[in-house]
Amino acid sequence: MDTTVKSQAPTGSGAATGLQPFLHDACVVLAAPAVALSRPAGAMRSGADGFFRGDRRFLSRLVADVEGVPLAPVRTGHSDASTAAFRTVLRGVGEQTADPAVTLRHTRTVHPEGLRESFEFHNAGPLDVTVPLALSLDADFAAMDDVKAGRRAAPPGVRRADGALRWHWQEWESRLTSTPAPDSVDDEGGTAVRAHYRLTLPPGGRARVDLDCAAVDRDGFPFAPAPTRRVPWSRPRLRVPDHRFPRLLDRSLDDLAGLLLTDPEHPQDTFLAAGAPWFLTLFGRDALWAARMLLPLGTDLAAGTLRTLARRQGTRDIPATEEQPGKILHEVRRTSQLLDEGTTLPPLYYGTVDAGPLWVALLHDAWRWGLAETEVEALLPHAERVLAWMAEHGDADGDGLLEYVDSTGKGLANQGWKDSGDSMRWRSGRLAVAPVALSEVQAYAHEAAVGGAALLRAFGRPEADRWEAWAARLRDRFRDRFWLDDARGPYCAAALDGQKRPLDTDTSSHGHLLGTGLLTEEESGLLARRLASPELDCGFGLRTLETGATGFNPLGYHIGSVWPHDTAIAVHGLARAGFPDEADSLVRGLLAASETFDARLPELFAGHGSGVDTGPAPYPAACRPQAWAAASSVHMLRALLGLEADVPGGTLRVADSVAECWRPLRAEELSVAGHALSVAVDVGGEVRATTAAPVSAASRRG
């Protein structure tokens with residue numbers, strides 16, 4: 001995803017100019033491509049607050065007041081991703097004792113085309129009460145990249161229809177309908193209005209005002225809501241001694257449902273938007289990883305994601321967008337994105353080095369989890385084009401490794417998942433100069449070549465031998481170029497810089513290498529010990545950068561923070577490589593972190609660690625929910641159970657034992673080859689899998 005914007009120093013009277021708004025205390029309610037952000041008590045006042053659809057803000061202010069009455073918010077809660085409720089006490093109204101008498105229940109429901117705000121007052125006291133409700137409202141149609149950057153541009157000529165609750169600008173219109181109609185509407189300056197209601201409540205009585213906001217978008221967002229909001233995965237039930245795990249799983253699946261989008265001309269093909277609010281659109285890398293993590297719940301999401309990206313696969317060399325033949329895209333937006341003074345991304349941007357290998361890896365894994373052969377075969381030409389891109393464009397200098405460089409001078413300087421400008425560095429703090437070859441990208445490429453060869457051979461297509469040989473050469477080059485030593489022994493560099501020098505930092509990227517076939521058993525053990533060290537494992541997950549590196553920052557986007565998906569990838573790699581204890585430790589860390597975030601893991605959080613804090617501090621501008629953070633709960637469950645499907649080969653593998661802290665465990669309504677899968681672990685640790693799928697379950701050590 002694109003990086004955090006560069007901020008400017010506050011100017012003038014102390015007002016912050018160009019500072020990215022913080023989200024850590026925001027209430028986020030969504031049904032992609034729509035999202036509402038507010039203060040914890042429900043008010044939309046400033047910063048990133050508002051109702052957005054398709055990267056455009058259709059409501060910038062919504063503040064409910066009861067004139068002359070102090071309001072005391074007492075509770076905020078979500079029933080699912082699309083609904084939140086706020087409970088408030090009207091202090092001193094209708095009271096004859098110290099007990100509150102009149103309360104307001106404000107409910108917010110987001111749907112893909114708009115939102116509803118319901119204000120219901122209840123008088124539980126013995127007196128007649130009159131409530132003078134006032135709603136302060138405005139719309140500015142700000143673009144998401146301006147909101148994210150904290151840019152305070154002049155009003156763009158927004159107009160309000162005569163006295164009505166309706167705003168419009170260019171191709172956008174915000175229509176508000178009130179039931180009942182307000183008693184009066186006053187101007188508040190500019191385009192803001194204040195709608196007044198006088199509500200009468202007898203003892204035990206209730207009164208309600210509903211406000212519906214319809215977002216009219218004639219410009220057209222590139223993607224559409226998923227039809228009927230039907231989710232393309234099974235809904236597993238998990239019973240385990242640690243109550244935090246089922247709660248995290250349930251909340252994550254609710255959030256993932258809110259992130260679903262579809263290709264408008266192919267509504268059967270759904271995929272996950274990357275995250276709310278900044279990335280509520282298609283990102284190649286994020287969508288692929290999230291779909292891969294959810295494979296134990298079915299292959300429909302994987303198929304939709306693969307096809308949606310395949311339709312947009314590069315066909316030409318276009319330097320301005322970094323499109324190349326066979327390349328898988330990075331990001332799709334409505335318009336160009338101005339991230340900072342030096343970075344501008346076009347609406348269709350291909351600046352990523354890893355989406356291509358991850359696309360092939362997902363196709364291979366989906367095939368093994370039971371994606372229909374006809375669907376797999378239809379996508380093989382795209383896989384062949386990705387493999388060709390890896391060898392011809394991804395390896396631009398012909399050294400057998402994949403590297404990247406921003407050829408435009410205006411795009412992302414770093415084009416792996418750690419795409420902030422300061423993420424690639426030596427221990428001394430010096431930044432790497434491109435072209436950069438990332439360690440994890442070599443692992444993805446190795447998986448893609450080996451998996452691609454297996455697909456080609458299974459479907460009778462040529463060049464399987466070529467890609468197996470290519471993968472073998474990559475393993476040799478990786479071993480020769482990336483390994484180095486420090487006082488703790490041998491380890492793997494995070495990357496090679498433009499002069500092919502290995503970056504000597506320990507990073508969480510080690511976890512992406514495990515279980516991919518790139519490493520020997522001995523090499524895997526060396527990296528597993530590094531991941532388990534206190535320099536990387538902070539007690540709540542993996543830090544992106546070791547604490548001993550100059551420039552380590554617990555609140556640095558990719559230089560010391562913890563990303564749940566990154567930790568979950570390491571959990572899965574550790575389990576596959578035969579290090580279940582280290583994997584279990586990381587799972588317990590993320591579950592501890594989930595308590596801090598009400599079971600809704602954010603995009604990232606601070607890496608100070610459990611030795612300093614009882615719970616992790618938020619990264620204030622992080623998306624929440626984020627697709628791959630939410631999907632991490634399923635990936636960790638898969639790792640604990642040791643699930644490895646090979647439907648074409650007729651086998652399903654499970655771990656031969658599960659750690660005592662997870663027993664007894666029962667996971668039901670998983671899915672393989674379209675059939676329900678249940679896995680049970682008894683108190684003695686024995687694992688049993690049950691399914692009607694055409695596979696034979698067998699245990700494996702892990």
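# Briefing: cores, sheets, cavities and backbone details

Strand β7 (residues 83-90) is mostly covered, with 7 of its 8 residues buried. Buried means under 20% relative accessible area, exposed means over 50%, and partly exposed lies in between (1.4 Å probe, protein chains only). Helices (H or I, at least four residues) and strands (E, at least two) are DSSP runs, numbered from the N terminus. This is a predicted model: local features need pLDDT of at least 70, side-chain atom pairs count only at pLDDT 80 or more, and totals for chains, interfaces and linings use all residues. Residues are numbered from 1 along each chain as its sequence is written, and side-chain values use heavy atoms, with hydrogens and water left out.

**Around β7**

- Strand β6 (residues 71-80) runs antiparallel to β7, and 8 bridges join them. Two strands pair if DSSP finds at least two bridges between them.
- β6 and β7 form a hairpin with 2 residues between them.
- Leucine 71 has leucine 90 in β7 as its bridge partner.
- β7 is also joined to strand β8 (residues 102-111), by 7 bridges, and these strands run antiparallel.
- Valine 89 has threonine 103 in β8 as its bridge partner.

**Sheet β5-β10-β15-β14**

- This open sheet has 4 strands in the order β5-β10-β15-β14, paired antiparallel.
- β5 (61-66) and β14 (184-189) stand at the edges, each with a single partner strand, so one side of each has no neighbour in the sheet.
- Neighbouring strands of this sheet are turned by 25° against each other on average, direction ignored. Axes are lines fitted to C-alpha atoms, for helices over the stretch in contact, and angles run from 0 to 180 degrees between N-to-C directions.
- β14 pairs with strand β15 (residues 192-201) over 5 bridges, in the antiparallel sense.
- Serine 184 stands opposite histidine 196 in β15.

**Sheet β18-β31-β32-β33**

- Another open sheet has 4 strands in the order β18-β31-β32-β33, with antiparallel pairing.
- Its edge strands are β18 (237-239) and β33 (687-691), and each pairs on one side only.
- The twist averages 20° from one strand to the next.
- β18 pairs with strand β31 (residues 665-672) over 3 bridges, in the antiparallel sense.
- Leucine 238 stands opposite alanine 667 in β31.
- Helix α13 packs on this sheet and touches β18, β31 and β32 (675-681). The direction of α13 makes about 110° with that of β31.

**Nonpolar cores**

- The largest nonpolar core has 173 residues, of which Phe245, Leu272 and Trp359 touch the most other members. A nonpolar core is a set of buried Ala, Val, Leu, Ile, Met, Phe, Trp, Tyr and Cys residues joined through side-chain atoms within 4.5 Å.
- Helix α13 (residues 627-641) gives the most to this core, with 10 residues.
- A second, separate core of 46 residues includes Ala34, Leu104, Ala207 and Ala215.
- Phenylalanine 245 touches residues including Leu238, Val587, Met636 and Trp662, not counting residues up to four places away in sequence. Contact means heavy atoms within 4.5 Å.

**Cavities**

- The whole structure holds 6 cavities of 30 Å³ or more. On a 1 Å grid over the protein atoms alone, a cavity is a set of points where a 1.4 Å probe fits but cannot get out, and lining residues have an atom within 4 Å of a point.
- The largest cavity holds about 130 Å³ of space. Grid points are joined across faces, edges and corners, and a volume is the space filled by probe spheres set on the points.
- Its lining has 14 residues, of which Trp289, Arg292, Glu447, His572 and Arg576 lie nearest the centre.
- α3 (284-293), α9 (510-513), α11 (564-577) and α13 each supply at least two residues of this lining.
- α11 gives the largest share, 4 residues.

**Backbone details**

- Alanine 276 and proline 277 are joined by a cis peptide bond, with omega about 5°. Proline 277 sits in the loop between β20 (266-272) and α3.
- Alanine 434 and proline 435 are also joined by a cis peptide bond, with omega about 0°. Proline 435 is in the loop between α6 (373-394) and β25 (437-438).
- Glutamate 463 is not a glycine, but its phi is positive, near 80°. It lies in the loop between α7 (439-458) and α8 (464-482). Glutamate 463 is partly exposed, at 43% relative accessible area.
- Lysine 500 has a positive phi of about 65° although it is not a glycine. It lies in the loop between β28 (495-496) and α9. Lysine 500 is partly exposed, at 26% relative accessible area.

Terms used: On a 1 Å grid over the protein atoms alone, a cavity is a set of points where a 1.4 Å probe fits but cannot get out, and a pocket is an open set with protein on both sides within 12 Å along at least five of seven lines; lining residues have an atom within 4 Å of a point.
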